[in-house]
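This report goes through a two-chain model from single residues up to whole chains. The sequence and the structure come first.

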Amino acid sequence: MYQPEYESMQRSDLEALQLRRLNGLLARAYDNVLTYRRSFDEAGTAPRVHGLEGLADLPFTVKDDLRAAYPYKMFAAPMRDIVRIHSSSGTTGQVTVVGYTAGDIGRWADLMARTIASAGGSADDIVQVAYGYGLFTGGLGVHYGAERLGCATIPISGGNTKRQVQVLRDFGTTILACTPSYALLMAETAAEMGIDPQELPLRAGILGAEPWSESMRAQIEQMLGITAVDIYGLSEVLGPGVAAECIHQCGLHVNEDHFMIEIVDPVTLRPVPDGQTGEVVFTTLTKEGIPVIRYRTRDISRIIPGECACGRTFRRLERITGRTDDMLIIRGVNVFPSQIEQVLGGIPGVAPHYQVVLSKRGSMDHVEVHVEVGPDVPFDEVKTLEHLRSRVSAEIASALAVSIAVRLVEPRSIQRSEGKAQRVVDRRGEGGA
Amino acid sequence: MVTQLTVFLENSPGRLAQMTRALGDAGVNMRALMVADTAEFGVVRIICDRPEAARRVLEDEGFSVSATSVIAVEVPDRPGGLADVLEVIGSAGTNVEYAYCFVEPGGNAAVDVLRVEDAQAATAALRDAGIRVLRPEEIYAVGS
C-alpha cells in the first residue's frame, strides 16, 4: 500500500474523517459556488450535516449543472489558485470544464500512486502511459501518479499502435496503462508484427475509462501475459484515481477518504444498501478547484459487501456494468452492451469486437449485434458460419432474456479504438437500414 | 490435391468487386469462382493460377482468407458425366460437402471441383474407376 495509514484505516476513524471533511466541503461549496448556494437555499437545506447519513438529504448535482456552468462558474477556488484545467470530450453534448488547485494535483498524484501500487507496481516499474494526454484526464492523471510512486514513466499518449508495441518491447515496459480495448488492439498488433508479448517484461495492465467484462479481461491477460486491473474515475469527480482494483481483482476499492460513494435507486433516487445495484453517486471531500456534491455519474454498479483479502478497508465498487445513458431498452428489456460482450467472450470462434447497431425499419427500431468472426474459424463451409451465428443468437437470447438479430462481419472490420470503444452505433437518423 | 482459397465476405455493395480487383491488380488469373451466399454474408471460393500469392495479396488487403484442399477431376462433357463421378465417391462411403464445375475453354471436358470428407479415400476410388484426378499444376494452368 502506498498510504496504508489511510487505505487500511479503521472504519470508525474513516467515518469521523469523512464527516469532518464533508462539513468542510459543504461550507466551501456553499460560500463560493452560486449553483450550490441556490440549490441548497431552494431545498431549504443548511450546508451542514450532523452525521454521514445526512448526506442523503442534500440536493444532487447532475451533468447539466456542470454544462450550464461552462466554463468556470462552478469553480470554488479563485483562478489564481487554479493550476490545471481539463475538460470532458463533449461527445454527448456541451463539454464540461474542471479545474485543479496545486493541492488537488498533489492529492490526485497520491491517489494514482495508490492505484499503481495496488496493481503491484513500485518504483522499480516502467510505466507506459497510453491513455490520451491533453484535455482528457487519463494521460496526465496516470502520469503524475506513476512519477509520484517513482516509476520510470513513458508519456507516449494514445495512438500509433505499432510504435506503442515497439516501445513496449524496446523500453522494457512492465506496466501498461490504457483503455481495455486499446490493450486488445496492442495485443493484436504485436501478433501481426511477429512479437510475442508473453516474452516481454510486461506484467501488469492498469485499464479503465470504459466498461469492460470479465471475459475481455481474461483475453487481455492471456494475450499479453499480464495481470489486468480495472480502474475507475471521471473528470467531473477527479479523473482516474477515484477507485481501483487491487491484485485480488474482486472489485474496485473506492478512495473513501477523498470521496463519498452512494448507490441510489435510479427511479426513487434514494440510497440503496450495500450489495444492491443502482446509479453511482460521488461527493468529493477534498477537492478545492471544483468540488461536487452528490454528483450523479449515470454509471450503474453496486458496492460489494464484505472485506477484501488485501487489507484495505475501503469498500469495493463492482466493475461498472453500464451507463444509464448507454442502456438500451429492447422490447421492454434493459440491455447494457457489456452484457453482450460477456456472452461473446464465452463463445469460441467470435472475436470480442462487437457493435450494437440501431436502425429504423419502417417506423420500428431495429437492433442488430455485429460480431466479428474470429481468425481461426474454418469458414470454408457455410454451415459452420450458420451454426456460429445461431449459437451467438441463442446465447444472447438466453442471457439477456430478449432476442436480438446477429450479423457476422468480417474479421477486423469493426473499427478499433485507440481510446474508448464505440459499442453502440445509432443509425436511426440516417433513414433506412 | 488442389488448393482452393476461401474468402469470407460481408454482403455489402462493391465488396466482391474490391476482392477481384485486388487479385487482378496482382496479376492473379482466376480459373473458377463460386459464391455461396446467405442473406448477410458470402463465402467465395476461388481456384487460381497462384494460390499462395493470391492469399498473400488478399490478406494484405485485409480480407479473411483460408486455404482448403479440394479434388479436381476431369469429367467428360456429356449427359451423365458428373453422375458417374459422384456415384464412385458415394460408393467409397464418403460425403460430398460441396461441388462446382467449370468448362475448359476449347476443350471437350469439364473440370469438377469437389470438397469431400475423406479426400484420400475418394481420390483412390476415382483412380480405380479410371476417372482422371487432375494434378494441381494441371488445374492452375488451365487455359493458359
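Is A:Asn160 buried, partly exposed or exposed, going by the other C-beta atoms within 10 Å? The model is a predicted one, and in it A:Asn160 has 13 other C-beta atoms within 10 Å. A residue counts as buried at 20 or more such atoms and as exposed at 12 or fewer, so A:Asn160 is partly exposed.

**Backbone features of chain A**

A:Asn160 also has a phi near 55°, a positive value in a residue other than glycine. Its place is the loop between β4 (152-154) and α7 (161-170) of chain A. A:Leu269 is another residue other than glycine with a positive phi, here near 65°. A:Leu269 is found in the loop that runs between β10 (259-264) and β11 (278-284) of chain A. With 15 C-beta neighbours inside 10 Å, A:Leu269 counts as partly exposed.

A cis peptide bond is present between A:Tyr70 and A:Pro71, with omega at about -10°. A:Pro71 belongs to the loop between α4 (63-68) and β1 (82-87) of chain A.

**Chain A as a whole**

Chain A contains eleven helices and 21 strands. Its radius of gyration is 22 Å, close to the 22 Å that the globule rule gives for 433 residues, so chain A is as compact as a globular protein of that length. Along the principal axes, the C-alpha atoms of chain A fill a box of roughly 70 × 55 × 40 Å. Of the 433 residues in chain A, 46% are buried. Taking contacts in chain A between residues at least 6 apart in sequence, 66% join residues at least 24 apart.

**Domains in both chains**

Each chain is divided into domain 1 and domain 2.

In chain A, 18 residues of domain 1 are in contact with 14 residues of domain 2. On the domain 1 side of this contact, α8 (180-192) and α9 (214-224) of chain A each supply at least two residues. That side of domain 1 of chain A has six nonpolar, ten polar and two charged residues.

In chain B, nine residues of domain 1 touch ten residues of domain 2. β1 (2-10) and β2 of chain B each give at least two residues to the domain 1 side. The residues on that side of domain 1 of chain B are four nonpolar, three polar and two charged.

**The sheet of chain B**

Chain B has an open sheet of six strands in the order β2-β3-β1-β4-β6-β5, with antiparallel pairing. Why do β2 (30-37) and β5 (96-103) of chain B each have one side without a neighbour in the sheet? Both stand at the edges with a single partner strand, so one side of each is left without a neighbour. Neighbouring strands of this sheet are turned by 30° against each other on average, direction ignored.

Within the sheet, β4 (residues 64-76) and β6 (residues 109-116) of chain B pair in the antiparallel sense over six bridges. B:Glu74 has B:Val111 of β6(B) as its bridge partner. Helix α3 (residues 81-91) of chain B lies across β4, β5 and β6 of chain B and runs at about 115° to β4(B).

Strand β3 (residues 41-48) of chain B holds B:Arg45. B:Arg45 is buried, with 20 other C-beta atoms within 10 Å. Apart from its neighbours within four places in sequence, B:Arg45 is in contact with B:Gln4, B:Thr6 and B:Met34. From B:Arg45 to B:Glu117 the separation is 72 residues in sequence and 17 Å in space, C-alpha to C-alpha.

**Where the chains meet**

How many residues does each chain bring to the contact? Chain A brings 15 residues and chain B brings 14 residues. On the side of chain A that touches chain B, α11 (382-400) and β20 (405-409) of chain A each supply at least two residues. By class, that side of chain A has eight nonpolar, one polar and six charged residues.

Key
Residues numbered from 1 in each chain as written. Chains lettered and ligands numbered in written order. Predicted model: local features only at pLDDT ≥ 70, side-chain atom pairs only at ≥ 80, totals over all residues. Pairing = 2+ DSSP bridges. Helix = DSSP H or I, 4+ residues; strand = E, 2+ residues; numbered from the N terminus. Axes fitted to C-alpha atoms, helices over the stretch in contact; angles between N-to-C directions. Contact = placed C-beta atoms within 7 Å. Domains from an automatic or database assignment. Nonpolar A, V, L, I, M, F, W, Y, C, P; charged D, E, K, R; others polar. Rg over C-alpha atoms; globule rule 2.2 N^0.38 Å.
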